[in-house]
Amino acid sequence: MAAGVAVLVAVPVAVISRSDGGHQTVAVQAATTGPAARTCPTVTVPPAPPIPTGSWKDRPGPFGYRETVYARTADGHSAGNPVIRRDWAGPSAYAILDPQLQAGMRIEDATYFVGTTRVTLADLSRLPADPATLRRMLTAGEKEPVEDRTVLAAVADLALLPVGPDVQRALFTIVGGLGSARVNVHDTDLIGRAAVSVTVPDSHNPGNLDRLLFSPGDHRYLGSEGATERNPCGFGYRSAVLATGSVPEIGQTVNR
């Protein structure tokens with residue numbers, strides 16, 4: 001099939017909430033340009049830098065750990081310089097190790113949100129896997145009808161927190177069921193992994209696109225991208241999750 005020819009692809013069924021409080025079942029499907037239309041540059045994952053030592057090791061855990069590689073490029077001819085970031089989300093502290101942000105470990109308050117609702121780390125482990133219920137939590141307090149870009153932003157924020165695989169699948173169903181969403185089941189992420197992408201136009205900035213990527217099959221969250229309609233590989237930002245898991249203390253990691 002020639003690049004740029006749009007086709008419809010069938011992907012899983014979504015259950016979404018209606019404004020009257022009921023549910024409706026829709027097919028999460030959208031036009032996709034196929035794999036040949038987006039052969040964007042990828043990066044080789046760099047070695048992880050050493051982790052410093054410090055007094056933050058006495059913060060009580062456990063911690064949800066995430067390792068991410070990200071890069072920025074505007075011209076679409078390179079993937080940018082990859083940077084490794086590591087996060088530890090705990091009950092009493094949130095730690096970030098990112099050489100682009102600061103030297104050494106940055107410790108912040110343990111503040112977590114589902115949409116605009118503040119929650120605890122324990123609350124995150126009890127989130128519903130039902131997409132309709134989770135969507136209502138993500139958009140609670142927002143003016144109806146909630147813009148697609150607002151839903152996608154809430155999904156992206158939650159996907160970066162320590163939530164289980166059932167919740168990640170629900171997040172895919174939520175964004176895949178948005179009216180403006182375009183789903184590409186033949187996409188790739190920053191490091192070249194096969195991915196299912198969901199792209200939503202930025203209604204406040206015409207021509208800009210926000211994209212979330214999930215693994216095929218189990219729809220585990222893989223990363224995000226900011227792109228434009230004019231240049232499919234002109235990314236303002238690209239990220240790919242390398243590893244997640246639970247660790248007893250800040251500074252400990254899990255294998256990629």
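In the predicted model, strand S6 (residues 83-89) pairs with strand S7 (residues 94-97) through four bridges, in the antiparallel sense. The two strands form a hairpin, with four residues between them. Asp87 is partnered by Ile96 of S7. Arg86 is partnered by Leu97, also in S7. On the other pairing of S6, seven bridges join this strand to strand S5 (residues 63-71), and the two run antiparallel. Here Gly64 has Ala89 of S6 as its bridge partner. S6 is mostly covered, with six of its seven residues buried.

These strands belong to an open sheet of nine strands. Its order is S8-S7-S6-S5-S15-S14-S13-S12-S11, and the pairing is antiparallel. On average, neighbouring strands are turned by 20° against each other, direction ignored.

Helix H3 (residues 148-159) lies across strand S12 (194-201), strand S13 (208-214) and strand S14 (221-228). H3 runs at about 140° to S12. H4 also packs on the sheet, where it touches S11, S12, S13 and S14. The direction of H4 makes about 145° with that of S13.

Helix H4 covers residues 165-176, a run of 12 residues. From its first C-alpha to its last, H4 reaches 16 Å. This is close to the 16 Å expected at 1.5 Å a residue. Nine of the 12 residues of H4 are buried, so the helix is largely enclosed by the rest of the structure. The buried set comprises Val167, Gln168, Ala170, Leu171, Phe172, Thr173, Ile174, Val175 and Gly176. In an α-helix there are 3.6 residues a turn, so residues three or four places apart point the same way.

Ser224 is found in strand S14, one of the strands touched by H4. Its relative accessible area is 16%. Burial is assigned under 20%, so Ser224 counts as buried. Neighbours within four places in sequence were left aside when its contacts were listed. The remaining contacts of Ser224 are Arg211, Leu212, Leu213, Tyr237, Arg238 and Ser239.

Asp109 provides a contrasting case of accessibility. This residue lies in the loop between S8 and strand S9 (112-114). With a relative accessible area of 63%, Asp109 is exposed. Asp109 and Ala93 are 16 residues apart in sequence. In space, their C-alpha atoms are 5.0 Å apart.

Pocket analysis was then considered. The largest pocket has a volume of about 690 Å³. Its lining consists of 36 residues. Arg66, Arg85, Ala156, Asp157 and Leu160 lie nearest the centre of this pocket. H3 gives the most to the lining, with five residues. H3 is also the helix that lies across S12, S13 and S14.

Technical notes. Residues are numbered from 1 along each chain as its sequence is written. This is a predicted model: local features need pLDDT of at least 70, side-chain atom pairs count only at pLDDT 80 or more; totals for chains, interfaces and linings use all residues. Side-chain values use heavy atoms; hydrogens and water are left out. The expected span of a helix is 1.5 Å times one less than its number of residues. Buried means under 20% relative accessible area, exposed over 50%, partly exposed in between (1.4 Å probe, protein chains only). Two strands pair if DSSP finds at least two bridges between them. Axes are lines fitted to C-alpha atoms, for helices over the stretch in contact, and angles run from 0 to 180 degrees between N-to-C directions. Contact means heavy atoms within 4.5 Å. On a 1 Å grid over the protein atoms alone, a cavity is a set of points where a 1.4 Å probe fits but cannot get out, and a pocket is an open set with protein on both sides within 12 Å along at least five of seven lines; lining residues have an atom within 4 Å of a point. Grid points are joined across faces, edges and corners, and a volume is the space filled by probe spheres set on the points.
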